[in-house]
Structures are given as structure tokens and as C-alpha cells.
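Dear colleague,

I am handing over the structure below, together with some notes on what was found in it. Please read the notes with the coordinates open beside you.

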Amino acid sequence: SVCQEWLARRKQSVLVQRFNQRQHAIEIERSRRQFSRVSDMHGRKDKRPLRHNSMMRTLLSRWTRSSSVAIPDPIWSSTLASLPFVARLTEHERERLRTLAAQLLTEKQMSAAADLELTSAMQVNIAVQACLPVLNLGLDWYRGWKSIVVYPSEFLVPRSITDDDGVVHEYVEPIAGEAWDGGPLVLSWEDAQQSATGAGAAYSVVIHEFVHKIDLLDGDADGV
């Protein structure tokens, strides 16, 4: 039954420890270190992380004055093939999207959680989806935060509500993504790969959560 399937997924989900969202750089980096898992640098080329580590960035800036990320042609082509809605863009728009996605990968820290192996192809896929809402606006609309944490599938987030009698009820909610005010953006990779709902409607949890980050720029997630 649908209920049994939901319960099975819930048991397989990973519990996320909620952080104080109002604390800034220190808490962001602390959460990134807790969730991060270093990718295997001795694997195939397409599994090597696109981002430079801090030492490599220092050397690059010293030698070339640049620490930018370049998206390889094979990964770019496979990403476009996996995201059919990008095909609606003109060739010029796709080139701008590629440049913007590379810039996002340079500026943001993307890390994996719950033993997910975060490959360069996965990073590019997420970055391309994330940059669509700001293609004509620029990455300044994603300012004020640094980290993107990727889980293999749905994860559990602690919640609490207070009823009319003042009683606090605590529970956990399985979710596919969440944008934390002043903190990281958390995604499920399983859901990030979906481009449509079961009913056939367009769907992108990546775009949805990154738009929440834009919404939070004025301090309130109110859709304005």
C-alpha cells in the first residue's frame, strides 16, 4: 500500500540534526564539516570533485590568478541530456548557463552526507538546475550562504509545533530538500534527478529550494 511504501522510505531516511539557522559562518562551516565526505581522488576522472581544495586554490591563485571550475564537455553534454527542460533554451542561453553553473561550483561548497559518493557529474547536474532561476539575474541572488549538502535520498528533519494549549509536540519529517535561513541548502539526490511528478507535472526540488533561498533574502519565507 501507499502507506507501507511511505513508512519503508521513512525508515531508510537519514535523521538530520537541526542547527541554529541564525548563526552564520561558524555554524555553516561546522555543519559542512559534519556532513562532508571527501570524494575518492583515485577513482575515474568523472568521479573526481570539480572543486579545488584550499591548498590547490592557493597554488592556482598564485600561478594563474584563477581558481575557477571548468565543466568538461562530456559532463556538460550528459547533463543536458538528463535535463530535458534545458533543451528549450537557445544555444546562447545554454552557454551562459554553463558559465553560471561553473561560477556557482566555484563559489559554493558542495558536500555529501550519509555515505553518498558525490561525483562531478552530480555536482554539475545540481548546479545547472540551481542556476536556471537566476540565469538573467546573476549569482548575487544566492548571496549570504555557502554550503550545499546532498543526501542519497529523503532525510528526516526534527520539527516541533506548539498547540493552542502551549504543549510542544516534537516529530520528524521526511523531506526531499530544505533551504535553511542563514545556513546550508540540503537536497536529496534521488529527488534531484526527477524532472516530473507521478502525475506528469514539471518538478525540480533543486529549483524549488534555491528559489526559497532567494525568498529568504528579505528575512521571511513568504513568497515575496
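**Notes on the model**

Asp115 lies in the loop between β2 and α6, where helices (H or I, at least four residues) and strands (E, at least two) are DSSP runs, numbered from the N terminus. This is a predicted model, in which local features need pLDDT of at least 70 and side-chain atom pairs count only at pLDDT 80 or more, whereas totals for chains, interfaces and linings use all residues. Residues are numbered from 1 along each chain as its sequence is written, and side-chain values use heavy atoms, with hydrogens and water left out.

The phi angle of Asp115 is near 65 degrees, a positive value in a residue other than glycine. Asp115 counts as exposed because its relative accessibility is 67%; here buried means under 20% relative accessible area, exposed over 50%, and partly exposed in between (1.4 Å probe, protein chains only). Ala114 is also found in the loop between β2 (109-112) and α6, and its phi, near 55 degrees, is likewise a positive value in a residue other than glycine. With a relative accessible area of 37%, Ala114 is partly exposed.

**Helix packing around α6**

The axes of α6 and helix α8 (residues 205-215) come within 8 Å and cross at roughly 55 degrees, the axes being lines fitted to C-alpha atoms, for helices over the stretch in contact, with angles that run from 0 to 180 degrees between N-to-C directions. The helices α6 and α8 are therefore oblique to each other, given that angles under 35 degrees count as roughly parallel, over 145 as roughly antiparallel, 65 to 115 as roughly perpendicular and the rest as oblique. In this pair α6 passes α8 in a right-handed crossing; a crossing is left-handed if the near helix is turned anticlockwise from the far one by less than a right angle, and right-handed if clockwise. Helix α4 packs with α6 at an angle of about 55 degrees, their axes being 10 Å apart, which makes α4 oblique to α6. The crossing in which α4 passes α6 is right-handed.

**Salt bridges**

Side chains of opposite charge can pair when their charged atoms come close. The structure holds 4 salt bridges, a salt bridge being a side-chain nitrogen of Lys or Arg within 4 Å of a carboxyl oxygen of Asp or Glu. One of them joins the side chains of Asp73 and Arg98, at 2.6 Å from N to O. This pair links distant parts of the chain, with Asp73 in helix α4 (residues 73-82) and Arg98 in helix α5 (residues 91-107), 25 residues apart. Asp73 is exposed, with a relative accessible area of 51%, whereas Arg98 counts as buried at 16% relative accessibility.

Between Glu178 and Arg159 there is a salt bridge whose closest N and O atoms are 2.8 Å apart. Here too the pair links distant parts of the chain, Glu178 being in strand β6 and Arg159 in strand β4 (residues 155-162), 19 residues apart. Both Glu178 and Arg159 are buried. A network of salt bridges links Arg159, Glu173 and Glu178. Glu173 has its place in strand β5 (residues 168-175) and is partly exposed, with a relative accessible area of 30%. The C-alpha atoms of Glu173 and Val157 are 5.3 Å apart in space, although these residues are 16 apart in sequence.

The side chains of Asp140 and Arg143 also meet in a salt bridge, at 3.1 Å from N to O, and Arg143 is partly exposed, with a relative accessible area of 43%.

Is Trp180 buried or exposed? At 1% relative accessibility, Trp180 counts as buried, and its place is in the loop between β6 (177-179) and β7 (185-188). The C-alpha atoms of Trp180 and Lys213 are separated by 7.9 Å, the two residues being 33 residues apart along the chain.

Trp141, by contrast, is partly exposed, with a relative accessible area of 35%, and lies in the loop between α6 (120-131) and β3 (147-151). Together with Leu137 and Leu217, Trp141 forms a nonpolar patch on the surface, with about 260 Å² of accessible area in total. Patches are made of residues with over 30% relative accessible area and no salt bridge, like charges being joined within 9 Å and nonpolar side chains (Val, Leu, Ile, Met, Phe, Trp, Tyr) within 5 Å. Accessible areas come from the Shrake-Rupley method with a 1.4 Å probe, and for residues only the protein chains shown count as cover.
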